[in-house]
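Here is a friendly note to read with the model open beside you. Take the points one at a time, and look up each place as we go.

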Amino acid sequence: MKKIIALILVAVMLTCVFTACKDKSTDDDKGDTAKTKLVVATSPDFPPFENLENGKVVGIEVEIMELICKKLGYELVIEQIAFDSVIPGVETGKYDCGMSGISVTPNREESVLFTDAYCLAAQCIVVKADSTIASKADLAGKTVSVQSGTTAEEFCLGEGYTVDSYEANADAKLALTSSKVDAWIVDDLTAAEMCKDDASVKILGENMTTEPYAFAFNFNDEELVEKFNEVLAELMADGTVAAIFEKYEAPYTAPAQN
């Protein structure tokens, strides 16, 4: 009789453990599907797309992201990190999304899943006001500064320039104004914003490249990216994205339609 009772107790205990595990698994699954926060990584040193204002991250991409999150029912949580850590962080799942003036390139498409592009930007050349450099051709044999991890860095290394890379664009610009380098290569709208009140530098008229900007997600978030694309398309079609650019006094170039 004691053996029978013992066996019954063991069976009851196993049933309870199995039920508890099953319930926990169900709760975890619900937690995944009921996610209410979207953690977005950015490097806020890229005006007018992202920059700090009284300790808060503001800018064109922030406003676009806020509208999309509101439409989809997510609370936007912004994490400030170095630019060259944004894509690796999204790739490993540390962050849900990367938002940092990210150009879509074949190399980056191997690491993350991009939304549709929402604008076109270009890499431009910034030099000191008294510089004799007048075009891309004059950069041969010169030293240029760039932000590390950017397409500007990749492009300049590919062109064979001597490249000094910095974590922040503010430092890359300082390298130019302090005569450590001959030119600073940076996205055109950011150059316009960071140089608008600085008579010591000038932006050359010749662009280096033209690149589409988009938001980066983990490959596991394909369904979420589809939803993002739907809202993004609406915001572009009704003129909202263009209006945000206008608010920041930045010229808007829409990407080519597929």
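1. First, a word on names: helices (H or I, at least four residues) and strands (E, at least two) are DSSP runs, numbered from the N terminus. Just after helix α4, glycine 160 has a positive phi of about 85°.

2. This is a predicted model, in which local features need pLDDT of at least 70, side-chain atom pairs count only at pLDDT 80 or more, and totals for chains, interfaces and linings use all residues. Residues are numbered from 1 along each chain as its sequence is written, and side-chain values use heavy atoms, with hydrogens and water left out.

3. The mean pLDDT (the predictor's confidence in each residue, from 0 to 100) is 89 for the protein, and 86% of its residues reach 70 or more. Over residues 1-33, however, the pLDDT is below 50, and this stretch has zero contacts (heavy atoms within 4.5 Å) beyond near neighbours in sequence. Where pLDDT is low, the predicted coordinates should not be read in detail.

4. Is threonine 150 buried or exposed? Threonine 150 counts as buried because its relative accessibility is 11%; buried means under 20% relative accessible area, exposed over 50%, and partly exposed in between (1.4 Å probe, protein chains only). Threonine 150 sits in the loop between β9 (143-147) and α4 (151-158). Apart from neighbours within four places in sequence, threonine 150 contacts Phe83 and Arg108.

5. Now look at α4 itself. Its buried residues are Thr151, Ala152, Glu153, Phe155 and Cys156. Their cover includes β6 (97-103), β9 and β13 (209-217).
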